[in-house]
Amino acid sequence: MTSIKRISRPIRRNREAAAVALAAATALLAGCNSSDGKGDHSLSDSEASGDSVVVGSNNFAESVLLADIYGEALKAKGIKVTYKPNIGSRETTYGLLKNGSVSVLPEYNGALLAYLDPKATPKTVQATTSAIETKLDSKLTLLEPSPAQDKDSVTLNVATAKKYNLTGKSSITDLKDIAKDLVIGASPEFQTRQPGLIGLKGVYGLQFKSFKALDAGGPLTKAALKKDAVQAADVFTTDADISTEKFVVLQDPKNLFGFENVQPLVYKSALPHKGVDALNAVSAKLDTATLLELDTQVQSQNKDPLDVARAWLTSAGLG
């Protein structure tokens, strides 16, 4: 089941930039339209005749970083790339993809499926992709999903993990005998959602000592976890504070929080076959631990995402 909280995350991040997003979308529609010749070039070894592949992103840091990774991987294969960063939310970017104004966008498969079909409940990553493809505009396609996911989690602070000998290889199941001693913190909605307290009890058999209403994986939640006001919390899996604060994210073997794999969404006629191969190679190398490390460099160490993207591609043999 797809996590509703994760679906709302881009909307939450984008709310403060709504005016900027609208302006960016307007400018993009004016500057890049679907009549620029891209429609004449299918997924083949031929290059688009002088046109750039337009790599876009939503307006939050991780999306910009992923767009830079995709764009630089395409450049390494001799493909001309134009960046359109910080466009806006899915409601904007999906429309721009449909009309060819954007050629490539980093997506999260579970959130995209929930946007296209809110009632879908796929049980595997492949089923998620298949379900999306039945709903996608015919001009669009998904490339291979990466192992990297950015999703809701049950995360412990250092003291709690140490006390109960839990590590990043431990799972939510390991809390069954100790949840009664732990306070868990999350957004108020976490109490009443299947991918929340209801599912943690029904799927994993967990009954926590109490619940503390905070925010959706934001500063209140992380501060409470750090101060031990809560011992467990819902923190998004690629949040840079996981690394800096040495929080421990527990595995979710029963997929309570669904699938949120990073996956390229592509306007089919804009990308030559070697570009498809390049992005699939990125997906094959990109896992959650790597994405977390790259996010940390950008969000905590204030490194330029383009520099981080280039360095990682070089280290992965993709630059």
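Predicted model: local features only at pLDDT ≥ 70, side-chain atom pairs only at ≥ 80, totals over all residues.

Q: Why is helix α3 called roughly perpendicular to helix α12?
A: Helix α3 (residues 61-75) and helix α12 (residues 288-299) pack at an angle of about 110°, their axes lying 10 Å apart. Angles from 65 to 115 degrees count as roughly perpendicular, so α3 gets that label relative to α12. The crossing of this pair is right-handed.

Q: What makes the contact between α3 and α12?
A: On the α3 side you'll find A61, E62, L65, L66 and I69. From α12 come L291, L294, D295, V298 and Q299. Sorted by class, that contact has seven nonpolar, one polar and two charged residues.

Q: Which hand does the crossing of α5 and α6 have, left or right?
A: The crossing of α5 and α6 is left-handed. Helix α5 (residues 109-116) packs against helix α6 (residues 125-135) at about 35°, with the axes 9 Å apart. Touching from α5 are N109, G110, L112, L113 and L116, and from α6 they are V125, T128, A131, I132 and K135. This contact divides into six nonpolar, three polar and one charged residue.

Q: How do you know that strand β3 is mostly covered?
A: Count the buried residues: in β3 (residues 104-108), five of five are buried. Buried means under 20% relative accessible area, so each of those five residues falls under that cut-off. Both faces are covered, with V104, P106 and Y108 on one side and L105 and E107 on the other.

Q: Which strand does β3 join, and how many bridges are there?
A: Five bridges join β3 to strand β10 (residues 262-267), and the two run antiparallel. Pairing takes at least two bridges, so β3 and β10 qualify as a pair. Within this pair, L105 stands opposite L265 of β10.

Q: Why do β7 and β9 count as edge strands?
A: Each of them, β7 (210-213) and β9 (248-249), pairs on one side only. They belong to an open sheet of five strands in the order β7-β6-β8-β5-β9, with mixed pairing.

Q: How do you know that β5 and β8 pair?
A: Strand β5 (residues 155-156) and strand β8 (residues 232-233) share two bridges, in the antiparallel sense. At least two bridges are needed for a pair, so these two strands pass. One example is T155, whose bridge partner in β8 is A233.

How values were computed: Residues numbered from 1 in each chain as written. Heavy atoms only, no water. Axes fitted to C-alpha atoms, helices over the stretch in contact; angles between N-to-C directions. Helix = DSSP H or I, 4+ residues; strand = E, 2+ residues; numbered from the N terminus. Parallel < 35°, antiparallel > 145°, perpendicular 65-115°, else oblique. Left-handed = near helix turned anticlockwise from the far one by under 90°. Contact = heavy atoms within 4.5 Å. Nonpolar A, V, L, I, M, F, W, Y, C, P; charged D, E, K, R; others polar. Buried < 20%, exposed > 50% of the residue type's maximum accessible area, 1.4 Å probe, protein only.
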